[in-house]
Amino acid sequence: MNATSILMIITLAAEVAAGLLVARYNLHMFQLMGYKNMEHVGWLKKNWKKQALLIPNLILGLLALFLPSIPVYVILILMNLILCKYYGYLRKANTKKKLVYTMRVRRQVATNAVINLLVLVLVGIFLDLKFLPGTFAILISLQFCMLLVVNLINRPGELMITNHFIHDAQRMLKEVPGLTIIGVTGSFGKTSVKYYLQTLLQDHFNVLITPESYNTPMGVVKTIRESLKSTHEIFVCEMGARHVGDIKEICDIVHPDHGVITSIGPQHLETFFNMDNIVNTKYELADALPEDSMLFLNGDNDYVVGNANKYKNPIFYRSQSQGEGYKASDISLSQLGTEFVVTTPEGQSEKFQMRLVGEHNVINVVGAIAIAHKMGIDLKDLRVPVRRIQPVAHRLQMIERGNVTIIDDAYNSNPVGSKAAVETLAMFDGVRIMITPGMVELGKEEEEYNYKFGGYAAKCCDYVLLVGKKHTEPIKKGLLDGGFPQEKCHVYDVLEDALSFAYSIKDEGHKFILLENDLPDNY
């Protein structure tokens, strides 16, 4: 075996290591984009610089294909070592939501491997083994778009598998006699209302809810197939959406008996394009309800109210005393929680206490109270369950750490929720610190909403620590234009550095650190 052959083998070994890491990273990003080709193409357009190293690797691959030689192999080995180092770093850095090796992911890996092996085998058989390093380098460089091809190849099979699971879930729903299905949707607040409703109903009914943020068609199907029992009486089904028709798709699976729309606002504008599409999509739940259903609507939300007149006898719930429906009044806030009075449409009133802070939480709890009351639970019997309501993880969740209170609102920020969060921070007596990377998925209006975010944060915070420059420039401008002192606004590359600075602040008083949003790895 001559030196050229040995170098060729070493080159192929280095390419295998680099190829696995490159493929894994792109598969991870593809999973975060929901396995949707068009969304992944959009991500690639925005983030092509992250994989710019694949360009010189492609050039080297072409060079090795046409001029296979020892110098080219040596350079290719070095290039693959660089790729291993870089994509290894990305793998360690992307830990917020790890790649989950679902059966679908495994099928994609298998198809991808077959395509690459087939190409290499054909080159080795019909051309020459010396062309393998160059071909492999080209295949590695094309991994950023290979999953688009894989997804198209696998699509017929994936549709068959998906339809099988959906039909199985529908069969199971039909086999539970008397099951009441409550659909919950909204731009924000739906997960909170779902959990609050479970707390209020569980003393009187056997309740199943979609866990965590399982709100996609397959998340709902998975919940039904793995958790639904014949003894369940109520199924509270959270319904999320990123595109027009997403809510209808879930409704066609579960056929809800009742529905609640918690809010409508500018979220996922990148995929919805405009507010009309968002409004129409949320109201797909209302359109799917039967004639004798109950439709619960957030009466504080202008977008929700503006479309309500199309539906018969909607049941409103409000955190304000004006208007019809279930209304909250005499709201009293403190660091220990919130007190308020709820009045029913029939005029019955009851005082409630809860550990949740922030006036915006009142509307979600009032919504849960309205639903539970209409399900037959007396208002006074809901007082104890309301006191038992726990904060939902990462949604203004209070975490005490000595002389520091973390207010974790990191799940998913939006223009309405971010304003409510900083206004909640403002009510605390101490050093008020906000850490945020800004808001995303707001399309062309993203810069404007982040600028406004900075404007109202300027009035509520003592320190603002921004994470990453990509999304935070408009926030910083909004802060400074709002009169916020520049020396108390800092920009960091990673969250850990911002937290370290927050803990090191020497100002007197208890520290309240608001974590507002946490961008996923694909940002």
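In this predicted model, L208 has F235 as its bridge partner in β3. That pair belongs to a run of three bridges that join β2 to strand β3, residues 234-238, and the two strands run parallel. Both strands sit in an open sheet of nine strands, laid out in the order β2-β3-β1-β4-β5-β6-β7-β8-β9, and the pairing across the sheet is mixed. At the edges are β2 (207-209) and β9 (349-354), each of which pairs on one side only. Leaving direction aside, neighbouring strands here are turned against each other by 20° on average. The sheet also has a helix packed on it: α8, residues 190-201, touches β1 (180-185), β2 and β3, and the direction of α8 makes about 165° with that of β3.

Strand β5 (residues 295-298) pairs with β6 in the parallel sense, over three bridges, and L297 stands opposite F316 in β6. On to the next pair: β6 and strand β7, residues 326-334, are linked by two bridges, again in the parallel sense. Here R318 has K327 in β7 as its bridge partner. As for the side chains of β6 (residues 315-318), I315 and Y317 point one way while F316 and R318 point the other way. All four of these are buried, R318 included.

Then there is another open sheet, this one of six strands, with mixed pairing and the order β10-β11-β15-β12-β13-β14. Its edge strands are β10 (397-401) and β14 (489-492), and each of them pairs on one side only. From one strand to the next, the twist averages 20°. Within this sheet, strand β12, residues 431-436, pairs with strand β15, residues 511-516, in the parallel sense, and five bridges hold the pairing. Lying across β11 (404-409), β12 and β15 is helix α17, residues 415-426, which runs at about 175° to β15.

Now for the helix pairs. Two packed helices are described by the angle between their axes and the distance between the axes. For helix α2 (residues 37-47) and helix α7 (residues 143-174), the axes come within 10 Å and cross at roughly 175°. The two helices are therefore roughly antiparallel to each other, since angles over 145 degrees count that way. On the α2 side, the contact is made by N37, H40, V41 and L44, and on the α7 side by F144, L148, N151 and L152. Sorted by class, the contact of α2 with α7 has five nonpolar and three polar residues, with no charged ones.

Helix α9 (residues 217-227) and helix α10 (residues 246-254) have axes that come within 9 Å and cross at roughly 25°. That angle makes α9 roughly parallel to α10, the cut-off being under 35 degrees. The crossing of α9 and α10 is right-handed. The residues in contact are P217, V220, V221 and I224 from α9, and E249, I250, I253 and V254 from α10. By class, the contact of α9 with α10 comes out as seven nonpolar residues, no polar ones and one charged.

Definitions and conventions:
Residues are numbered from 1 along each chain as its sequence is written. This is a predicted model: local features need pLDDT of at least 70, side-chain atom pairs count only at pLDDT 80 or more; totals for chains, interfaces and linings use all residues. Side-chain values use heavy atoms; hydrogens and water are left out. Axes are lines fitted to C-alpha atoms, for helices over the stretch in contact, and angles run from 0 to 180 degrees between N-to-C directions. Helices (H or I, at least four residues) and strands (E, at least two) are DSSP runs, numbered from the N terminus. Angles under 35 degrees count as roughly parallel, over 145 as roughly antiparallel, 65 to 115 as roughly perpendicular and the rest as oblique. Contact means heavy atoms within 4.5 Å. Ala, Val, Leu, Ile, Met, Phe, Trp, Tyr, Cys and Pro count as nonpolar, Asp, Glu, Lys and Arg as charged, and the others, Gly among them, as polar. Two strands pair if DSSP finds at least two bridges between them. A crossing is left-handed if the near helix is turned anticlockwise from the far one by less than a right angle, and right-handed if clockwise. Buried means under 20% relative accessible area, exposed over 50%, partly exposed in between (1.4 Å probe, protein chains only).
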